[in-house]
Structure formats: C-alpha cells, structure tokens
Amino acid sequence: MTELCRRFLEEAGAWIESTPRGYAGLRGASLPYGLAAYLSRRQGAKSSERVVIVTPSDEAASRLREALLALLGESSAPVLLPPCDVDPYDAIPPHSGLLLERSMALGRLLHFGRAPLLLSAESLLWKVPRRGWWSQNQIFLEPGAALDPRTFRRKLWQIGYRKADLVNAPGEFSSRGNLVDIFLPQEALPVRAELFGEEVEHLRFFDVSSQRSLSQVGRSVWVPPLFEAIRDEALLGAHRKLLDGLGAFGEERLKSLDAVGSTHTFDVEARVHEEFFCPLPDFLGAATWVASSPEAIAAAGDERERFWSDSFKSHGRPEAFAPSRLFWGKEALAS
C-alpha cells in the first residue's frame, strides 16, 4: 500500500466513524473504500480478531476482492474462500482448481496470521476441515528437519499429489535415491529436497526442462494439501463404515474406494463426518463478522438450501447425505 493510499484510508475511516451510522451505512460504490479503511485501521491497531466479510454472491465477493486488492495490496487484502460450486447430489465432482483454491485459502488462514477473510453466503454454508485434523495434515520442509522418504511419499498421496517419473507440472512429485522433487502450486519453480539419510540437507529450486538444481530456496517450504478431504486412514475408514450400511448406493462407492482409494464424490460426501468437518466459524475461532448486505445474504442462504433440498429429494440420495449433514444450516447463517 502506498503512503498516499494509507493516508486516504486513514482519513476516510475517521470520517466514516464520525457519521451517525458509521460503517453500517456503507452501500454501493462506497463499500470497498469503507471496508478498506476499516481493515487498514484494524491492522494499525493490531486487533487480535480476524475480520470475516460475507457477501450475497460469489460474483460480489470476487468484485469486492479485486477492489480491496487494488486499495490494500496483496499482503493486506482479504483471503477469498470460494464455494465448491457444484450440485452435491449430481455425482459430478467439484473442479480441482476450486478445491485447490479452498485448500490454499484455509491453509493461509491457519498459518499466516490474522488475515481477513472474504466469502459468499454459499461458501459460508459449506463445511470445512476441523482445525486440529487439518493442522495434523500440513507439511513444512526446511533444512535440518527429519524426513522419512517413505512416510513422506505416502503423505503426499494422501494430500493429493501425483507420482511422476520426472516432475513437470504443479501437483506432481518424484522420488529417486536421496532426492525428492515436488512442484508446489504456490511456487513458480519446483523444489528439490536433498536428503542425508532421513534429514533434509538442502532445499533447492530446479529447472523443469533440464532437471538441474538451481539456487537454494532459503526458507521453509509449505506443502499445501490440494483438497480438503484428505485421504488419510481415519477419514477413509469412517467413510467405508458409513457406506457399508447404504445398500447398492454404498456398494458402488465402496468398489471405487477399494480400487483407487477415493470416489468421484468423496470431496463432497466426506463432509458428513463431524469428527473431521465442521462449520467455518468453528475453524476460525474468535472473529468479527461483517455482512455487506444482511437481507440479501439471508435470501441467498435460503435459495441455496432450497436448491440442495430439492436436488437431494430428486436424486433419491440416502438420508446420511442430507443437506443438514453436509452443510451449515441457514438458521446459523442468519444469526
């Protein structure tokens, strides 16, 4: 953020707070400027609570994110959490890119301070991983850290990475001798971990075309999961147990689970397991909630709940996957 912009937001925030309705009176074109001023002033005051901004639609959230990014800069702009954007009962999996965006956003909220969060009413209704379980499945690499190559390869598969002979694209990893190569989605170049026994000796970037090592990374490296429904034994076991009692519906999914370790609907249906997934507020903890348009947000929540309920009935899905099991209820959203 430039000094001129910082001063503008400071003066704008002071003026807004002097008006009778304060920030509650912000509407239309004034909303991004007012929110930017609010976030800037809270950051300056070093508030311990995260700010969560909810909009009625994904389009509104995206537009607001772009405006706040221009005003605040990348380091201070809110993290955007998109919804899975799929009918949970249509047997079509969420787009892998959206799953990655959600996973990266949740990882940033977990690891990188009290960054503000921006999301739509629909995104707020989707359950997310429980904080403790999610934390257990986060990986950081750094020189001098212990690393069992066999356990690491297993963990990479569980969090979504694909094994390859040579790493060429984000989401791939390879292992040969004392080298483990991995292309992380947030890095411009793939990373090579050089091991000495079961310890990381060096972390270097490397060139995809030549496969030659380049410069030292010079910092710890976050290995983010590529989706929320991590394929660990505990969650898979719970899902197998649930499917086992669902007749033909469960048998079809169990075949896929046994054959490839997942199902095409797993990233949605795994959210019914309350020991692993929870409403977003439980993940976030203490937060200050900002509703850009409370009435429109409540209406959007009603519309989504009706859509999911109608789809659940028309597809004849088992009660175990009812909307009340997969999502946070609209009553909670209204509160």
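Trainee: How many cavities of 30 Å³ or more does the structure hold?
Mentor: This is a predicted model. At the cut-off of 30 Å³ or more, the number of cavities in the structure is one.

Trainee: What is the volume of the largest cavity?
Mentor: Look at the lining to begin with. Val 86, Asp 87, Pro 88, Ala 91 and Ile 92 are among the residues that line the largest cavity. By class, the lining has seven nonpolar, one polar and one charged residues. The volume of the largest cavity is about 40 Å³.

Trainee: Which helix supplies the largest share of the lining of the largest pocket?
Mentor: The largest pocket holds about 640 Å³ of space. Its lining counts 29 residues, and Ala 77, Pro 78, Val 79, Ala 115 and Pro 116 lie nearest the centre. Helix H2 (30–44), strand E1 (50–55), helix H3 (58–72), strand E2 (79–81) and helix H4 (96–111) each give at least two residues. The largest share, six residues, comes from H4.

Trainee: Which residues lie closest to the centre of the second largest pocket?
Mentor: The second largest pocket has a volume of about 410 Å³. H4 gives the most to its lining, with four residues. Of the 18 lining residues, the closest to the centre are Ser 96, Gly 160, Phe 227, Arg 231 and Asp 267.

Trainee: Which residue with a positive phi follows helix H7?
Mentor: Helix H7 covers residues 149–158, and its buried residues are Pro 149, Phe 152, Leu 156 and Gln 158. What covers these buried residues includes strand E5 (139–141), strand E7 (172–176) and helix H8 (233–243). The residue that follows H7 has a phi near 110°, and it is Gly 160.

Trainee: How are the rings of Trp 126 and Trp 308 arranged?
Mentor: The structure holds seven aromatic pairs. In this one, the ring centres are 6.0 Å apart and the planes stand at 85°. An angle over 60 degrees is the cut-off, so the pair is edge-to-face.

Trainee: How many residues apart in sequence are the parts that this pair ties together?
Mentor: Trp 126 lies in the loop between helix H5 (121–125) and strand E4 (128–129). Trp 308 lies in helix H12 (residues 294–315). Both Trp 126 and Trp 308 are buried. The pair therefore ties together parts whose separation in sequence is 182 residues.

Trainee: Is Gln 211 buried or exposed?
Mentor: Gln 211 sits in the loop between strand E10 (199–206) and strand E11 (213–216). Its phi is positive, about 65°, although it is not a glycine. The relative accessible area is 14%, so Gln 211 is buried.

Trainee: And Asp 85, buried or exposed?
Mentor: Asp 85 is in the loop between E2 and H4. Its phi is also positive, near 55°. Relative accessibility is 55%, so Asp 85 counts as exposed.

Key. Residues are numbered from 1 along each chain as its sequence is written. This is a predicted model: local features need pLDDT of at least 70, side-chain atom pairs count only at pLDDT 80 or more; totals for chains, interfaces and linings use all residues. Side-chain values use heavy atoms; hydrogens and water are left out. Buried means under 20% relative accessible area, exposed over 50%, partly exposed in between (1.4 Å probe, protein chains only). Contact means heavy atoms within 4.5 Å. Rings of Phe, Tyr and Trp (its six-membered ring) pair if their centres lie within 6.5 Å; planes under 30 degrees apart count as stacked, over 60 as edge-to-face and the rest as tilted. On a 1 Å grid over the protein atoms alone, a cavity is a set of points where a 1.4 Å probe fits but cannot get out, and a pocket is an open set with protein on both sides within 12 Å along at least five of seven lines; lining residues have an atom within 4 Å of a point. Grid points are joined across faces, edges and corners, and a volume is the space filled by probe spheres set on the points. Ala, Val, Leu, Ile, Met, Phe, Trp, Tyr, Cys and Pro count as nonpolar, Asp, Glu, Lys and Arg as charged, and the others, Gly among them, as polar.
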